[in-house]
There are 2 protein chains.
Amino acid sequence: MQENDRDLLPEGLGDRLVQQAWASQTVRRAAHDVLASHGYARVETPVLEFEKALASRMAGVQVRRMFRFVDPVSMRMLALRSDITAQVARIAATGLAEAARPLRLSYSGQVVTIKGDGLDPARERLQLGAELVGADSTEAVAEIVELAIETLRAAGATGVSVDFTLPDLVDTLSAGALPLPAQNIEAVRQMLDAKDAGGLVDAGGGAYLPLLYAVGPFDSAIERLAAFDANGAQGGGVLSGRIAALKAIAARVGGKARLTLDPSERHGFEYQSWFGFTIYADGIPGSMGRGGTYAILGQTGRNPEPATGFSLYPDPLIEMVAAASGEERRLFLPLGHDRDVAARQRAIGWSTVAALSDADDARALGCTYRLENGEAVAL
Amino acid sequence: MQENDRDLLPEGLGDRLVQQAWASQTVRRAAHDVLASHGYARVETPVLEFEKALASRMAGVQVRRMFRFVDPVSMRMLALRSDITAQVARIAATGLAEAARPLRLSYSGQVVTIKGDGLDPARERLQLGAELVGADSTEAVAEIVELAIETLRAAGATGVSVDFTLPDLVDTLSAGALPLPAQNIEAVRQMLDAKDAGGLVDAGGGAYLPLLYAVGPFDSAIERLAAFDANGAQGGGVLSGRIAALKAIAARVGGKARLTLDPSERHGFEYQSWFGFTIYADGIPGSMGRGGTYAILGQTGRNPEPATGFSLYPDPLIEMVAAASGEERRLFLPLGHDRDVAARQRAIGWSTVAALSDADDARALGCTYRLENGEAVAL
C-alpha cells in the first residue's frame with residue numbers, strides 16, 4: 001500500500017491510487033486464473049471473526065498481533081483477520097468437512113496487523129494463496145511448490161527462486177540418531193536458525209554443526225545433507241526419506257525456478273510440519289511468500305488433517321507491475337457523440353471518456369485518442 | 001454472505017464457499033470491466049482508518065454504526081470502513097485533488113457495520129460503485145444512472161428498474177413558492193417520506209399534498225409533478241429546471257430499465273443534493289443500491305466539490321448467480337499423466353485436478369472428464 005496522505009491516514013495504512021489499483025486487479029486476476037485452472041476453488045472469508053476461531057485451528061497464530069475488540073452484539077472478543085490460512089483451515093474443518101479429499105481451495109484478501117513486520121511499516125497487506133487439504137505427501141508438496149511458482153510468474157514476477165527447508169529437522173534428529181537433552185532442543189533450534197556455530201556448540205549441539213554447511217544452491221547442498229545423514233555417527237540415515245522427497249520435488253520444479261536449500265531455517269515456519277519453502281522474485285526485497293506442510297486441527301473427536309499450502313504477499317509485486325505498465329487506450333467521446341458507436345468501441349477494447357461539457361479536456365483526462373466521424377483519431 | 005457455521009462465526013458474518021465465491025468473482029470482474037470501459041479508474045482503500053477521516057468528508061456518515069477501537073500505535077480512534085464512498089471522497093479531496101476534472105473513479109470491497117440493516121442481519125457486505133467527481137449536472141447524472149444499469153446487467157441482473165427522487169425537494173419549495181415555518185420543515189419532510197397525508201396536513205404541509213400523488217411509473221408521475229409545479233398557487237414553476245433534467249435523464253436511460261418517480265423519498269438520501277436514485281432487479285428483495293448527486297468537503301480553504309455516484313451491494317445478486325451457475329469443466333489427470341498435455345488443456349480453458357495418489361476419485365473430486373491418451377474423455 002502506498003501512503004499518500006500521511007496526515008490523514010494511520011501509519012501503515014494507505015490507498016492504492018489509479019495505476020497501483022489497476023496493477024492490483026491485474027495481479028489478482030492472473031493469480032486466480034492460474035489457481036482455478038489447477039482445480040483450486042476460491043473461497044471468501046469475513047474480515048473479522050471471533051478471536052478464538054482465528055487462533056484455534058493452527059499452531060503458531062499470534063493473537064497479540066491482531067486488532068481485537070468486543071463485539072457489541074455477542075459481547076465476545078472479535079479480531080481482524082491477520083492470516084487467511086487460518087480461516088480456510090476453519091472452512092476445511094467445518095463447512096467443507098465432508099467434501100472429498102484432497103480438497104483444493106484458494107483465496108485472496110486484505111489482512112491486518114497492529115504493527116508492521118520488521119522493517120516494513122505496512123499494517124495491511126494483500127494475502128493470496130492456495131491450500132491442498134488432506135495431503136502432505138511429496139506429490140502434494142510438488143504440486144503446491146509448482147503452483148506457487150506458476151502463480152507468481154503469471155502475476156508478472158520474473159527470476160523466481162525457492163528456498164526449501166525442513167522445519168521439524170531438529171525434532172526428527174534429536175528423537176533419533178542425535179539425541180539432545182530436552183531442555184537444549186529449543187536452544188539448538190535457535191542457534192541453527194541463527195547460523196551461529198559457536199552458540200550451537202555451547203548449546204550442546206556440536207553434532208549438528210554440519211547442517212550449517214548443507215546450505216545454498218540445491219544440488220550441492222542436498223549432497224552435503226545426504227553425506228551428513230549417511231554418516232551413521234551423525235544423522236544415521238533417518239533423513240533418507242526426506243532427502244529423497246526433496247530431490248523428487250526439485251526434479252519437478254527445478255526447470256521453473258532457482259532452488260536453494262536451508263534445512264534448518266525455522267523462522268516463519270513455526271506451524272509447518274516436515275516441509276517448508278520461501279519464495280522470492282527478482283527486484284522484490286524480502287520474500288514474496290512462503291508455504292509448506294502443516295496440520296489442521298479438526299472438530300472435537302476428529303484427528304488433525306494433513307495439509308499443504310502457500311501464501312503470497314503480492315504488494316511489492318503490484319508496485320513493480322504498476323511502475324512497468326504502459327499507456328492505456330483511452331478514447332475521448334466529444335459532446336453529442338454517437339452512443340452506439342461508442343459502445344462498439346468499448347466492445348473492441350477501448351476505454352471511453354465521455355465529455356460532460358465543453359470544458360472537458362481530452363488530454364488532461366488522459367485520453368490519447370478522440371472519436372471523430374465514428375473513428376478513433378490519435379490526438 | 002452465507003452462514004455455514006453458526007456456532008463458529010459471529011452473527012452477520014460468514015464465508016462464501018466454492019459456488020458463491022466463484023459467483024462473487026464473476027460479478028466483481030464483470031462490473032469492473034464495465035466501469036473501466038467507461039473510463040472509471042479503480043482505487044483501493046484501507047479496511048480501517050481514523051474514525052474522523054471516515055466521518056468528515058460527507059454529511060450523513062453514521063459513526064455510531066461502525067466498529068471503533070483505539071489504535072495501539074497512534075493512540076487515536078480507528079474505525080472499520082462502513083462506506084467506501086467516504087474513502088473515495090477523501091482520495092478525491094487529497095491524493096487526487098490536482099487530477100483533472102471530471103475525475104472518474106471506481107471501487108469495490110467489503111464494508112462492515114456493528115449491526116445489520118433492518119431485516120438483513122448481515123454485518124459485512126460487498127460494496128461496489130463509481131464516483132464522478134467535479135460534476136453534478138444532468139449529463140453527469142445521466143452517465144452515472146446509465147452506468148449503474150449497465151454494470152448491474154453485465155453482472156447478471158435482469159429486469160432492472162430505477163426509482164428517481166429529488167432529495168432537496170422540500171428545501172427548494174419551502175424556500176420559494178411554498179414557504180413553511182422553519183420548525184415545520186423536518187416534520188413535512190418526514191410525512192412526505194412516510195406518505196402520510198393526514199400527518200402532512202397536521203404538520204402544516206397541506207400545500208405539499210399533490211406531491212404524494214406524483215409517484216409511480218415515470219412518464220405519468222413526472223406529468224403530475226409538472227402540473228403541480230406549473231400551478232402558480234402551488235409550486236410556482238421553481239421545479240421546472242429539475243423536471244426538465246429528470247426528463248432528459250429518463251430519455252437517456254428509459255430504454256434500458258423501468259423507471260419510476262418518487263420525488264419526496266428521502267430515506268437513505270441524507271447526503272444527496274438535488275438528485276437521487278434507487279436501483280432494483282428482478283428476484284432481488286430490497287434494493288441493489290443507490291446513488292445521486294452530493295458534495296465532497298474539501299481541504300481547509302477549498303470549496304466543497306460537486307459529485308455524482310452510485311453504490312451497489314451485490315451480495316444477493318451473487319447468491320442468484322451462484323444458484324444459476326452451470327457445471328464446471330473439470331478434467332481429472334491420472335497419476336503419471338503427461339504434464340505438457342495437461343498444461344495445454346488448461347490453456348484451452350479446462351480446470352485440471354491432478355491425482356496425488358491411487359485413492360483419488362475423479363467423480364468425488366467434481367471432475368466430469370478424465371485425461372486418457374492425451375485426450376479429455378467424458379466420465
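In the predicted model, the crossing of H8(B) and H9(B) is left-handed, a crossing having this hand if the near helix is turned anticlockwise from the far one by less than a right angle, and being right-handed if clockwise. The two helices, which span residues 218-230 and 240-253 of chain B, pack at an angle of about 165° with their axes 10 Å apart; axes are lines fitted to C-alpha atoms, for helices over the stretch in contact, and angles run from 0 to 180 degrees between N-to-C directions. H8(B) and H9(B) are therefore roughly antiparallel, a term applied to angles over 145 degrees. The contact (heavy atoms within 4.5 Å) involves B:Phe218, B:Ile222, B:Glu223, B:Leu225, B:Ala226 and B:Asp229 of H8(B), together with B:Ser240, B:Ile243, B:Leu246, B:Lys247 and B:Ala250 of H9(B). Seven of these residues are nonpolar, one is polar and three are charged, where Ala, Val, Leu, Ile, Met, Phe, Trp, Tyr, Cys and Pro count as nonpolar, Asp, Glu, Lys and Arg as charged, and the others, Gly among them, as polar.

Residues are numbered from 1 along each chain as its sequence is written, and chains are lettered from A in the order in which they are written. Local features of this predicted model need pLDDT of at least 70, side-chain atom pairs count only at pLDDT 80 or more, and totals for chains, interfaces and linings use all residues, while side-chain values use heavy atoms, with hydrogens and water left out.

In chain A, the axes of helix H4 (residues 138-154) and H9(A) come within 9 Å and cross at roughly 35°, and the crossing is right-handed. On H4(A) the residues that meet H9(A) include A:Val141, A:Val145 and A:Ile149, and among their counterparts on H9(A) are A:Ala245, A:Ile249 and A:Val253. By class, this contact has eight nonpolar, one polar and four charged residues. A:Arg242 also lies in H9(A), and, its neighbours within four places in sequence left aside, is in contact with A:Leu166, A:Asp168, A:Thr172 and A:Trp274.

Chain B can be laid on chain A with an RMSD of 0.0 Å by a turn of 180° and a shift of 0.0 Å along the axis, the superposition being by least squares on the C-alpha atoms of residues with pLDDT of at least 70 in both copies. The two copies are thus related as by a two-fold rotation axis. In chain B, the C-alpha nearest this axis is that of B:Phe69, at 3.3 Å.

Conventions: Helix = DSSP H or I, 4+ residues; strand = E, 2+ residues; numbered from the N terminus. Parallel < 35°, antiparallel > 145°, perpendicular 65-115°, else oblique.
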